[in-house]
Amino acid sequence: MAKKTEFEQKIADDIKNQQGRLMPVKASLIERLLVRKALCTSLHPNAADEFTFDTVGPSYRIIGEYEEKFRTAIKRNQEPFDDALIVEKLSPKGYLLLNGHHRWAAAMRVGIKKVPIQIVNLAQDSDIDKILENSKHDKRVTLDLDEVIFREKNDKYTENVPSFHFMRLNKKIKQGIPALFYYLTKHGYDIWVYSANYYSIDDIQRFFKHYNAHVDGIITGTMRKDEFKAERNARREKKISDKYKVTLHIDNDMILATGDVGAKFKRFDLETTPGEWSNKVIEVIEEFRDEKK
């Protein structure tokens, strides 16, 4: 194995020092609204990110490109950053980098003291355990936020945005989602939504409340390559599979049933128009319920 550079050793030391000393905690809405910048020295690299893996590590080519971009912007009296670094609050102090490691590294090398940040709250194991303990249901549905629920601004098959709303998510929602969620809740399904993106779970919860739509589980940031937490994730998935006898994975063009379905899985195609999608989903679930009786 190649010898670590001084920078890579600093990363390794930081990660080692995090263990038993730092832990992720929820940030208040006020803090998330008001704290827009942080010192580079208060940000910590993430052990679950490829940037810190011995087998991958930081890309000095990418860091160099950001350095050049930042220096050019500074010379022109422009803001160096196009987007904020995504972080999670740590206790007792500091923030964990979720997205933006190379920009953070480049900022330090250029001499930028403070960088723009966006604080998000992700679901922790304790949140998942609480949902599972409090639920009285043995069925659930899962939907992808970006692929299924959120729609483009020019999509005409969307719900009207609620009046007098305050939502940090500038998103439109697929037509029929509130009615579908009402049906699912009424018929004993827990509703779990997922995203590879780093949405804050409280923003997602608040977003659905504005549409009078209930969700039970929210898991975001699923694109993280959690090399060091595979065992923990396996335990989490086992807890979920032990809790629910049946899971329906709802997509745009199909529903995939797993669990106690008499086979490894069952697939139901959704051949319908966008405006009738939610009705078709309910129709298929009704057929599935009758089949299970």
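This is a predicted model: local features need pLDDT of at least 70, side-chain atom pairs count only at pLDDT 80 or more; totals for chains, interfaces and linings use all residues.

Modeller: Residues are numbered from 1 along each chain as its sequence is written, and side-chain values use heavy atoms, with hydrogens and water left out.

Colleague: What is the order of the strands in the open sheet of six strands?

Modeller: Strands of a sheet pair through backbone hydrogen bonds, either parallel or antiparallel. Strands (E, at least two residues) and helices (H or I, at least four) are DSSP runs numbered from the N terminus, and two strands pair if DSSP finds at least two bridges between them. Here the order is β11-β10-β7-β12-β13-β14, with mixed pairing. β11 (217-219) and β14 (265-269) stand at the edges with a single partner strand each, so one side of each has no neighbour in the sheet.

Colleague: Which strands pair in the parallel sense with β10?

Modeller: β7 pairs with β10 in the parallel sense over six bridges, and D144 stands opposite Y194 in β10. β11 also pairs with β10 in the parallel sense, over three bridges, with W192 opposite G217 in β11. By contrast, β13 (residues 254-259) and β14 run antiparallel and are joined by five bridges; the bridge partner of L256 in β14 is R267.

Colleague: Is β10 buried or exposed?

Modeller: Buried means under 20% relative accessible area, exposed over 50%, and partly exposed in between (1.4 Å probe, protein chains only). Six of the six residues of β10 are buried, so this strand is largely enclosed by the rest of the structure. Y189, I191 and V193 cover one side, and D190, W192 and Y194 the other.

Colleague: With which residues is I240 in contact, leaving aside its neighbours within four places in sequence?

Modeller: Contact means heavy atoms within 4.5 Å. I240, in helix α9 (residues 230-243), is in contact with I128, L132, R140 and W192. I240 and L132 are 108 residues apart in sequence, yet 7.3 Å apart in space, C-alpha to C-alpha. I240 counts as buried because its relative accessibility is 2%.

Colleague: Why does L33 count as partly exposed?

Modeller: L33, found in helix α2 (residues 29-34), counts as partly exposed because its relative accessibility is 32%.
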